[in-house]
Amino acid sequence: MAKKTILQVVCAVALVALCACGVAASPSSPAGAGCRKHVARITEYGGVGDGRRSNTAAFAKAVADLSLRAGDGGAALVVPKGKWLTGPFNLTSHFTLFLDHGAEILASQNLEDWPLIAPLPSYGRGRDEPGPRYSNFIAGSNLTDVIITGRNGTINGQGQVWWDKFHAKELTYTRGYLLELLYSNNIIISNVTFVDSPSWNLHPTYCTNVTISGITILAPLNSPNTDGIDPDSSSHVKIEDSYIVSGDDCIAVKSGWDQYGIKFNMPSQHILIRRLTCISPTSAMIALGSEMSGGIRDVRAVDNVAIDTESAVRIKSGVGRGGYVKDVFVRGLSLHTMKWVFWMTGNYGQHPDNSSDPNALPEVTGINYSDVFAENVTMAGRMEGIPNDPYTGICMSNVTAQLAPDAKKLQWNCTDVKGVASDVSPVPCPELGAAGKPCAFPEEELVIGPPELPTCSY
């Protein structure tokens, strides 16, 4: 893999930003696949885009009305230029939410507008607090054929009020997410900017066939738990050409929490992440876990860039999780100013309650990294499995980590891990023995979603 200069990285970031500018839905674009027969504007349902008056009733009325067109070519709701303040609302099937250039949907900062909903069955409780949780800002369950797109309009969670209350320990219930879809399939999210989520940004859960392409996610670097994209117990998920600045992991693949995830038993699998650019100084570009009790397998990360980020592709687990992380294939990482290039953790200690099974040990095996270039690195590898439950089948090939001036003298710390390494610099720990060939990567293509995104004019 060619070593990238800072100029090349800046160009890569610019390219990603260009991909997120809404070119796929410009007014001059011809109608194409996935376009809707019925189109309405939020103003037709009493919406007012002045940033002050609530549009909660308008969004509810619009979605309810347009849901009646699901069987007749589907419907699109267009949000034109303006600031559209609203409480949480749900989507419907065979439906497009289209944000025009200059459109910004603002989440209400009045907590009374956010009703309580049941916790996810694979978690058993809210992630922040026991019991129910606040509703998500945009949500849907048991849907099919849903598109969220536009000309780079913005969905703004206005999360500061939530972050302040979270830090002050003033919240009784778990914060809602900016977008959560449950038990849904054939989802496309493209050409939209997501800003200041109360907590996690995009949370497709128990979903299949999800495409997330050309989006931007922005949150302050000190905002709590503002993960970018968290596929959770979901299958056939593609994330590509996107730019994320986050206070937590840019992407976190999950599949349920301890005994609740084990019982629900729905893995996250067949996931492709490519051409992502991530900035997250205190978290990972891509995390696998820590909630991985339903299993994670067949994750492919290709040609991704991290800048000023704590770690690249991190595995997080611990005693009580159960489940597995296996068949992970990482190829083509360009990393710039990193605390760790490789980080695996087996001591994650957060549990939903006191009934987690200490005998539920995770299986972590078949983790492959190839063609990795990193510069300004503090430490090459922190590899920590679990005593009597080592992480096995780790492979590294063609890896170069150039050290920062203040780099640690000890570049590798490896415990309870087993694997092989080839052409890795600095020289890895003895637990990673010499390999005679490059790491594995699947030859068959992982096909997810339509070959081309819809190019509809609304």
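## Aromatic contacts

In this predicted model, ring pairs join Phe59, Phe89, Trp114, Tyr134, Phe137, Trp162 and Tyr173 into a cluster. The count of aromatic pairs comes to 15. One of them is formed by tyrosine 123 and tryptophan 257, a tilted pair with 6.3 Å from centre to centre and 55 degrees between the planes. This pair links distant parts of the chain, its members being 134 residues apart. Tyrosine 123 belongs to the loop between strand S7 (116-117) and strand S8 (133-134), and tryptophan 257 to the loop between strand S19 (251-253) and helix H4 (258-264).

Tyrosine 123 has a relative accessible area of 2% and is therefore buried. Tryptophan 257 also counts as buried, because its relative accessibility is 1%.

## Charges over rings

The charged end of arginine 314 is placed over the ring of tryptophan 343, at 3.3 Å from the ring centre. Lysine 326 lies over the face of tyrosine 324, 4.7 Å from the centre of that ring.

## Pockets

The largest pocket holds about 400 Å³ of space. Its lining consists of 25 residues, and Arg127, Asn225, Asp248, Tyr348 and Gln350 lie nearest the centre. By class, this lining comprises 12 charged, eight polar and five nonpolar residues.

The second largest pocket, with about 250 Å³ of space, is lined by 19 residues, of which Ile117, Asn136, Ala139, Glu180 and Leu182 lie nearest its centre. Strand S4 (89-90), strand S9 (138-141) and strand S12 (179-182) are the elements that each give two or more residues to this lining. The lining of the second largest pocket divides into 12 nonpolar, four polar and three charged residues.

Conventions:
Residues numbered from 1 in each chain as written. Predicted model: local features only at pLDDT ≥ 70, side-chain atom pairs only at ≥ 80, totals over all residues. Heavy atoms only, no water. Phe/Tyr/Trp six-rings, centres within 6.5 Å; stacked < 30°, edge-to-face > 60°. Helix = DSSP H or I, 4+ residues; strand = E, 2+ residues; numbered from the N terminus. Buried < 20%, exposed > 50% of the residue type's maximum accessible area, 1.4 Å probe, protein only. Lys NZ or Arg CZ within 6 Å of the ring centre and 35° of its normal. 1 Å grid on protein atoms, 1.4 Å probe; cavity = no way out; pocket = protein on both sides within 12 Å on 5 of 7 lines; lining within 4 Å. Points joined across faces, edges and corners; volume = space filled by probe spheres on them. Nonpolar A, V, L, I, M, F, W, Y, C, P; charged D, E, K, R; others polar.
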